[in-house]
Structure formats: structure tokens, C-alpha cells
Amino acid sequence: MFGYGDLLHEVQLLCRSGVETGVVGESQKGRRIPYIFVGKKNGNRMIVQGAIHAREHLTALLLVDMAKYLVKNSPKMLGGIYFVPMVNPDGVELCQRGAGIFDKQTKSNLLAINGGADFSLWKANADGVDLNVNFDANWGEGEQNVFCRAPQNYVGKSPLCAAESRALVRFTQMLRPLVTLSYHLKGEEIYWQFHQTGHRRCRDRRYAAAIATTTGYKVSDAFSAGGYKDWCVQTLKIPAFTVEVGSDRFSHPFPYSQYEDVYRRNVDVPRRLLNTVCRDDAELRRAGLAYLMQ
């Protein structure tokens, strides 16, 4: 399994080799949330985030390997990509190592919430908040939302009450990316819509179809609520996508034996998407229609 210690080690190695790395913020329990930057500093920015759900730690490995692929191969990039491999480090540590890594009171609380010592299916952070329903975008309106601490689906006491979701929002507001990608596990589906209309709806559906062509996944027209993708679409009015990797033939904990297939299908998706968005943005600006990107 790919854990928080593995992530810190990989980030350190990349930093030593000259790759820009940094910190998005800190988790509820004070763990650093690292980022890796690859590409050009020309204002065309993209954010790719993973492991916002604890049990989906395979996506953290995927994002690190995506960054390493770009560093090694130096393909044409029209902008720069900020990879945030593990938004939920506390949750990943809990999922992989158990509640014993925390203080006595936190351990007791987590065991009570979980109903046992096996946290391998845990999705939330260390406070029992599901980070991907904690964003201010139709917060609390999801069909599966719950309103007390739980291993999954608890929306929190208010939007952005979790340190991790606040950190990701601040980072995103600072960068003002052209597009974001969120990697989740599992289902081999691409989620793209959140009440867009007109040009934005057509544009985002087209981008989702392009991701589907590259990955072989299907485009879903389902709605969610309170997610990072939802917030990006609603508040920043940018294209944003959730990509669910890994076949539903497998149950959680998802087997790492399937990683090579996930990697092969997705490794170049961020770069291709960023380049497409950059080209479209440039064409609209030349035509004096930049407002259509908003």
C-alpha cells in the first residue's frame, strides 16, 4: 500500500532532483498536505487532487507517478500542473495503520464512530468528516449525506469545517486554475456536471468525452453535492472533473494488483486535458470571446 510516509519520501526525492514541491496546508491533526508542480509558470494552471477519501490511497500513488512521468518524459505542456496526491493524510494513516496512531481520546472517538478496529473501508478524515461532501456547493443536499460523524458521507457541522477542505479551497483560490481533476476510486466513470448551462455545459461535456476516449471510462450525467468538483464548477465557473478509476468488479479495499491498468489508462490525462483547455482559452481570447470560458 502507498501511505503517507511513502508520499513524503517521494516528494523529498523529487525536490532533491529539482522539481518544485510545497505544502497546500495542514490536516486536522497537523500533517502536511504536499503538492508537486510540473510544467510552465505561465499562468495556465491546473490542479489534480487525490486521496480525499482515505480508503482511496491508490490514487495518491497514481498522482505521484503522473508527476514523475511528466518529469521524466518532458512532453509538450502549455501550462503547469499542481498535483496534490493526498488531501486526507490523517484518514489514510487511520485506514492503513488503525486508530492507535492517535491520542487516547481521538482513538476512543474513532473506535466508537467506526464500530470496531478495522478502518480499511474508512473514507472520512480523523474527525469523521467526509471531505468530499464538505464543500460549499449545495452542501448537505446529497442523497447519501448524513449529519453525524461517520466513516463516510458526514457533511460536517458546516461547509469547510474540516481543515483539509479549507486548505484545498485556499490553495485553489490562490492559484485560480483553468481546470481541476479529482481522482477517486472506483467505478471507471467520469463526473462533470454541476448545473452548468449554455456554452459552459457544452464545453465541459466535450472535455469529459475526451477523457472518456483516453481512459475507456464512461461519462456519467449524475449529480453530486458538496464535492470539490462541484465547488469548482459553481464558484470558480471552471471545468472540473471527478474521475473514478478502477473496475467495480473489485471491492474495497481495492487491490493494488490492478494498479498497472489504472496507471496505463490515466497517466497522460492531466496533460492532455490542460493542453486542450489552454488551446480553447487562447482561441476564445483571440476571438474576443473570453467571457465564454467563465
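This report describes the strands, helices and loops of one predicted protein model.

The model is predicted, so local features need pLDDT of at least 70, side-chain atom pairs count only at pLDDT 80 or more, and totals for chains, interfaces and linings use all residues. Residues are numbered from 1 along each chain as its sequence is written, and side-chain values use heavy atoms, with hydrogens and water left out.

**Confidence**

The term pLDDT stands for the predictor's confidence in each residue, on a scale from 0 to 100. Its mean over the protein chain is 96, and 98% of the residues reach 70 or more. Among the elements of the chain, strand 4 has the highest mean pLDDT (99) and helix 9 (residues 269-286) the lowest (93). Helices (H or I, at least four residues) and strands (E, at least two) are DSSP runs, numbered from the N terminus.

Eight strands form an open sheet with mixed pairing, in the order 1-2-4-3-5-8-6-7. Two strands pair if DSSP finds at least two bridges between them. Strand 1 (20-26) and strand 7 (218-220) stand at the edges with a single partner strand each, so one side of each has no neighbour in the sheet. From one strand to the next, the twist averages 25°. Axes here are lines fitted to C-alpha atoms, for helices over the stretch in contact, and angles run from 0 to 180 degrees between N-to-C directions.

Strand 1 and strand 2 run antiparallel and are joined by six bridges. One of the paired residues is Gly 25, whose bridge partner in strand 2 is Ile 33. The hairpin of these two strands has five residues between the strands, and Gly 30 takes a positive phi near 90° in this hairpin.

Strand 3 (residues 45-50) pairs with strand 5 (residues 179-185) in the parallel sense, over five bridges. Here Gly 50 has Tyr 183 of strand 5 as its bridge partner. In a regular strand the side chains alternate between the two faces of the sheet.

Helix 2 (residues 58-73) lies across strand 2 (32-39), strand 3, strand 4 (80-84), strand 5 and strand 8 (240-245), and runs at about 135° to strand 5. Contact means heavy atoms within 4.5 Å.

**Helix pairs**

Two packed helices are described by the angle between their axes and the distance between the axes.

| Helix pair | Angle | Axis distance |
|---|---|---|
| Helix 2 and helix 8 (residues 259-266) | roughly 45° | within 10 Å |
| Helix 6 (residues 198-215) and helix 9 | roughly 150° | within 10 Å |
| Helix 5 (residues 163-175) and helix 7 (residues 228-236) | about 40° | 12 Å |

Angles under 35 degrees count as roughly parallel, over 145 as roughly antiparallel, 65 to 115 as roughly perpendicular and the rest as oblique. A crossing is left-handed if the near helix is turned anticlockwise from the far one by less than a right angle, and right-handed if clockwise. For residue classes, Ala, Val, Leu, Ile, Met, Phe, Trp, Tyr, Cys and Pro count as nonpolar, Asp, Glu, Lys and Arg as charged, and the others, Gly among them, as polar.

Helix 2 and helix 8 are therefore oblique to each other, and their crossing is right-handed. The contact includes Leu 58, Leu 61 and Asp 65 of helix 2, with Tyr 259 and Asn 266 among the residues of helix 8. Its residues divide into eight nonpolar, one polar and one charged.

The angle of the second pair makes helix 6 roughly antiparallel to helix 9. Helix 6 passes helix 9 in a right-handed crossing. Among the contact residues are His 199 and Arg 206 of helix 6, and Arg 272 and Asp 280 of helix 9. By class, this contact has six nonpolar, four polar and three charged residues.

Helix 5 and helix 7 are oblique to each other, in a right-handed crossing. Leu 168, Val 169, Thr 172 and Gln 173 of helix 5 meet Tyr 228, Trp 231 and Leu 236 of helix 7. This contact has five nonpolar, two polar and no charged residues.

**Two loops**

A cis peptide bond, with omega about -5°, joins His 252 and Pro 253. Pro 253 lies in the loop between strand 8 and helix 8. In the loop between helix 2 and strand 4 is Ser 74, which has a positive phi of about 50° although it is not a glycine.
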